[in-house]
Every structure is written in C-alpha cells, then in structure tokens.
Amino acid sequence: MSRSIPEPWRIKMVEPIRMTTKAQRKNALIEAGLNPFILKSEDVFIDLLTDSGTGAMSDRQWANMLLGDESYAGSKSYYLLSKTVEEIFDFQYTIPVHQGRGAEQILFPLLVELAKEKGVSEPIFLSNHHFDTTKAHVEMAGARAKNLICASSLQTEITNDWKGNFDLSKLSNEIKYNRKNIVAIIITITCNSVGGQPVSMDNIRSAARMARDSGIPVIIDAARFAENAYFIKQRDSNFSHETISKIVKKIFSEADIFTMSAKKDGMVNIGGLCCFRNNESLFRQVQLRCVPMEGFVTYGGLAGRDMAAMAIGLQEALDEDHLRSRIAQVEYLGHKLQQSGIPIQTPVGGHAVFVDARKIFPDIKPENFPAQVLCNALYLESGVRATEIGSLMMGRDPITGQQEPSLFELMRLTIPRRTYTDNHMNYVADSLIDVVKKADMLKPLEFEYEPKILRHFTARFREIER
Ligand code: F0G
C-alpha cells in the first residue's frame with residue numbers, strides 16, 4: 001500500500017472555530033437574505049467561501065513582519081519585495097498594490113487611454129477567462145471583456161488536463177479580424193472561473209506569441225501562478241524534471257506585464273502586485289496612477305510589514321512540498337465527492353472543488369440560481385460556507401439589462417492554504433453528500449433585492465415554489 005504524504009508543516013497556533021445549531025444557522029441565513037456572502041464569519045463553521053487572503057502565514061512570514069520598514073517612501077520592505085519579484089519572475093519593475101483589483105484599476109484605464117490615442121475605437125480585452133473583478137475593471141475603463149476559453153472546460157464530466165486553455169483558433173480569428181481594437185490579452189493562471197484549471201505551457205506560449213507578433217501586450221493574471229506551474233510539472237512530460245522555479249520563469253518569460261492578487265499563491269492576507277518586464281515608460285505612467293489611487297509608489301496601499309510578508313510568501317509558494325500537499329487536499333475532497341456520485345468539474349482544480357449544480361437541479365432555471373440554492377442548503381446542513389460561480393455572479397448585460405448567459409452553475413468549495421485538515425474535508429464531503437440526497441426538497445430562489453453591479457456580494461433572495 002502506498003503511504004500518504006503528510007502536510008509539510010506542523011501547527012504552532014490554533015484559532016478556535018465554533019459549531020452552531022441548525023436553528024442558529026437558519027436565523028443567520030434569513031438575516032443574511034439567503035446570501036452566504038452576508039453571513040457573519042462567526043456564524044460559519046468551515047469557511048470555503050474563498051482562498052483569497054484566508055490562508056495561514058508561516059512562522060517566517062510572521063517573523064519578517066516585525067522587520068517591516070514603515071517608511072512612507074523608499075521602504076526597505078519595498079526593495080526586498082521588488083528584488084524577490086525580479087528573482088522569481090525576471091520582471092524589473094514592481095508596483096505594490098493593496099490587492100489584485102488595485103493593480104487592475106491602475107493599469108487598465110491607462111492601457112485603454114493609450115490604445116485610444118492610437119486610434120482604437122471599440123477597445124476590447126481578450127482572455128481565456130476574466131475573473132469577475134477583472135471584467136468589471138475592463139468595463140469600467142470603457143472596454144469590453146471577451147472570454148475565449150476552450151470548449152472542453154464547459155463540460156464538467158469531460159476530463160482534460162488543460163481546461164484553462166485558450167481556444168487558440170478563436171484567439172487567432174479575433175486577432176485577424178479585430179486586431180485594431182484589441183488592447184491586451186490576459187492569460188489567467190490558473191483559470192479560476194472554469195474551476196481553477198491550469199493553462200498548458202504550449203497554450204501560454206502560443207497565445208502570447210500570437211499576441212506579440214501583432215504588437216498586442218500580454219498580461220498574466222498571476223493570482224495562482226505557482227499552482228499552475230505545479231500542474232505543468234505534473235502533466236507535461238517536458239517539464240517533469242524541472243523545478244517549479246524554472247517553470248515559473250518560463251511562463252513569465254512570455255508576458256510583458258503581470259497583475260497579481262498576492263492573497264492566493266502569494267500567501268498573504270492582503271497585498272498585490274502590478275509588474276512590468278522591461279517597459280519602463282509604461283511602468284512610470286502606471287506609477288503616476290498608483291499615487292492617487294493606491295498610495296505612494298513604494299507602498300501602494302500596503303504597510304511595510306505586508307510587503308515583507310509577501311516577499312517571503314512568494315518564495316514559499318514555489319516549494320514543491322507545499323504545492324503537492326495543497327493540491328492533494330483539494331483533490332482529496334473532490335474524489336470523496338465523486339465517489340458518492342456528486343458531479344464536479346473534472347479533473348479537480350488547484351484551489352477549489354467546483355460542484356455542478358446544473359446537474360443536481362436540472363429543473364431549476366439559471367435565473368433561480370441553482371448553485372446558490374446548493375450553497376444555502378450546505379450552510380444550513382453543516383455551517384460550511386461555499387460560493388456561487390454561475391448566473392448570479394455573471395450578472396446582467398450592462399447595455400441590454402438582460403441576464404448574461406452563464407457557462408456554468410457551479411458551487412465553489414474553495415480551500416484556504418495551510419488552514420484546514422483532511423478531517424475538515426471529510427466533514428464537508430459528508431455534509432454535502434447528505435444535502436444532495438435531499439435535493440428534490442430544495443427550493444429555487446428569486447431576488448428580493450438586486451444590486452446593479454457585482455450583485456452576488458450584496459443581493460438578497462426569497463424562496464419560491466418549484
Ligand atoms: N484575478 C483572479 C484570477 C482572481 O481569482 C481574483 C480574486 C482577482 C484577480 C482579484 O484579486 O481579490 O485580490 O482583488 N479572486 C478571489 C476569489 C476574490 O475568491 O476567487 P483581489
């Protein structure tokens with residue numbers, strides 16, 4: 001029998017979590033307008049809402065925080081971070097930001113402005129898949145966001161190693177017929193929106209080269225860059241003997257710019273990056289936008305200690321033992337669910353298990369939010385909080401006001417790094433299995449209150465009859 005590989009860490013500090021009663025959870029959910037985003041965290045037992053900023057930092061990160069330099073300008077911690085970025089990614093120019101969307105808000109409007117100066121009339125960004133804040137920032141900058149994800153990613157039951165890939169023929173057509181309007185391509189690694197699925201090295205290279213040959217800037221959305229590199233090592237025989245660090249360098253050698261939410265693979269509770277390989281002029285212009293929006297160019301919305309923790313977190317992210325254990329835990333939960341016949345996106349992604357609610361509730365219409373129904377039922381059953389990735393998150397077309405068709409109706413069980421044990425995963429799996437047995441009794445939802453944008457965060461719902 002093969003031995004299991006334990007986590008490459010031991011626990012030095014614990015944070016108690018509290019189990020609630022079903023009656024308490026029912027009250028909490030009603031108060032939250034049947035929207036788990038509005039729940040108070042103290043009413044949640046196991047929080048799988050997101051892996052963003054919710055992981056555990058290491059002793060080295062905590063120790064380094066005490067060495068953080070809180071100078072307003074020219075902080076040592078900034079220079080440490082910038083040096084770390086250069087060592088890991090080969091990128092010369094670093095702007096720290098408060099989180100991923102901070103990078104998006106200082107970068108995208110400038111790219112659109114520069115494109116318009118060159119005569120672009122209908123600016124568009126192309127991506128394998130834009131994350132929702134990324135799409136929001138593209139649209140707020142007056143551009144359109146188009147997703148060109150490969151077809152296999154949409155069928156959760158089909159197993160394909162690279163479900164995060166671009167459909168390269170679609171990308172090539174866009175470039176051929178719409179070159180003049182394309183502001184940039186954004187390669188999201190791993191591709192969160194379709195299940196934390198990796199993008200292959202070949203696909204990254206081909207997409208980037210197509211763009212570069214046409215003079216289109218290549219941006220990597222790098223939130224889960226190390227997990228993507230780990231999948232490349234596991235699944236591409238050309239890289240099975242490479243270090244994660246080398247694979248990361250290869251990936252980033254294809255890009256001109258990267259934005260990063262460091263709250264994921266950067267392993268910090270807050271922080272992000274906006275970095276440039278060698279375009280000093282663009283870097284300077286983005287720095288100018290950073291000052292009024294994020295903060296002075298050597299802190300960008302962060303304390304010195306946050307940058308110090310990020311510098312260590314980025315190095316720890318490359319540790320193969322960490323990545324193996326992290327991805328094995330996500331897989332462990334996924335396989336347990338699969339063994340009980342629960343439909344999930346396969347193969348299991350890097351940071352989360354995505355449960356296919358469309359298959360569990362074939363009769364609940366997208367506008368009645370099947371995945372949100374499942375999230376609520378799971379919370380009620382167990383105190384586990386998950387999140388909807390489907391029609392609710394997708395929202396309405398800003399021009400027509402019509403519900404945008406969503407590719408999926410998924411419930412995301414997102415696993416924070418170095419935070420929960422496999423016993424927590426057992427509890428999550430057992431609870432969800434019980435919920436799915438009662439699926440016929442669950443009721444669809446409709447809006448009681450629908451915000452205009454990013455509605456999944458604050459919307460309120462009521463149940464309707466099936
Ligand atoms: N890009 C990707 C791929 C993301 O997953 C996120 C955030 C962002 C950008 C924005 O970064 O939150 O630091 O501003 N994803 C979180 C999630 C919120 O739950 O998946 P941020």
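**Cavities, pockets and ligand surroundings of the predicted model**

The second largest cavity is lined by N35, P36, F37, L49, Q372, C375, A386, T387, E388, L392 and H456. A cavity is here a set of points, on a 1 Å grid over the protein atoms alone, where a 1.4 Å probe fits but cannot get out, while a pocket is an open set with protein on both sides within 12 Å along at least five of seven lines; lining residues have an atom within 4 Å of a point. The structure is a predicted model, in which local features need pLDDT of at least 70 and side-chain atom pairs count only at pLDDT 80 or more, whereas totals for chains, interfaces and linings use all residues. Residues are numbered from 1 along each chain as its sequence is written, and side-chain values use heavy atoms, with hydrogens and water left out.

The volume of the second largest cavity is about 50 Å³, a volume being the space filled by probe spheres set on the grid points, which are joined across faces, edges and corners. At least two residues of this lining come from each of helix 14 (370-382) and strand 11 (387-389); helices (H or I, at least four residues) and strands (E, at least two) are DSSP runs numbered from the N terminus. The lining of the second largest cavity comprises six nonpolar, four polar and one charged residues. In this classification Ala, Val, Leu, Ile, Met, Phe, Trp, Tyr, Cys and Pro count as nonpolar, Asp, Glu, Lys and Arg as charged, and the others, Gly among them, as polar.

The count of cavities of 30 Å³ or more comes to two. The largest cavity has about 70 Å³ of volume, and of its 14 lining residues G55, K263, K264, M267 and V268 are the closest to its centre. Five nonpolar, four polar and five charged residues make up the lining of the largest cavity. Domain 1 (22-51 + 319-463) and domain 2 (59-317) each supply at least three residues to this lining, the domain bounds being taken from an automatic or database domain assignment.

Turning to the pockets, the largest pocket holds about 1,400 Å³ of space. It is lined by 32 residues, of which M13, A56, M57, R418 and T419 are the closest to its centre. The lining of the largest pocket divides by class into 14 nonpolar, nine polar and nine charged residues. Because domain 1 and domain 2 both give residues to the lining, the largest pocket lies between them.

The second largest pocket holds about 600 Å³ of space. Of its 29 lining residues, K135, M393, M394, G395 and R396 are the closest to its centre. Two or more lining residues are given by helix 5 (132-140) and by helix 15 (391-394), with helix 5 giving the most, five residues. The lining of the second largest pocket has twelve nonpolar, eight polar and nine charged residues. The second largest pocket also receives lining residues from both domain 1 and domain 2, and therefore lies between them.

There are 17 residues around the ligand, and R101, D221, S261, K264 and R412 come nearest; a residue is taken as near if one of its heavy atoms lies within 4 Å of the molecule. An N or O atom in the side chain of R101 is 2.6 Å from an oxygen atom of the ligand. For T50, a polar side-chain atom lies 2.7 Å from a ligand oxygen atom, and for R224 the corresponding distance to an oxygen atom of the ligand is 2.9 Å.

Some backbone geometries were also noted. Most residues other than glycine have a negative phi, and most peptide bonds are trans. The peptide bond from I189 to T190 is cis, with omega near -25°, and T190 lies in the loop between strand 5 (182-188) and helix 7 (201-213). A cis peptide bond also links T346 to P347, with omega near -10°; P347 is placed in the loop between helix 12 (320-339) and strand 9 (352-356). L34, a residue other than glycine, has a positive phi near 55° and lies in the loop between helix 1 (22-31) and strand 1 (46-47).

In the UniProt record, an unreviewed entry, residues 47-430 carry the feature "domain: Aromatic amino acid beta-eliminating lyase/threonine aldolase". UniProt positions are given in the numbering used here, feature names are shortened, and annotations may be inferred rather than shown by experiment. The span 47-430 is 44% helix and 13% strand, and its end C-alpha atoms lie 16 Å apart.

Conventions
Polar contact = N/O pair within 3.5 Å; in protein donor to acceptor, adjacent residues only side chain to side chain.
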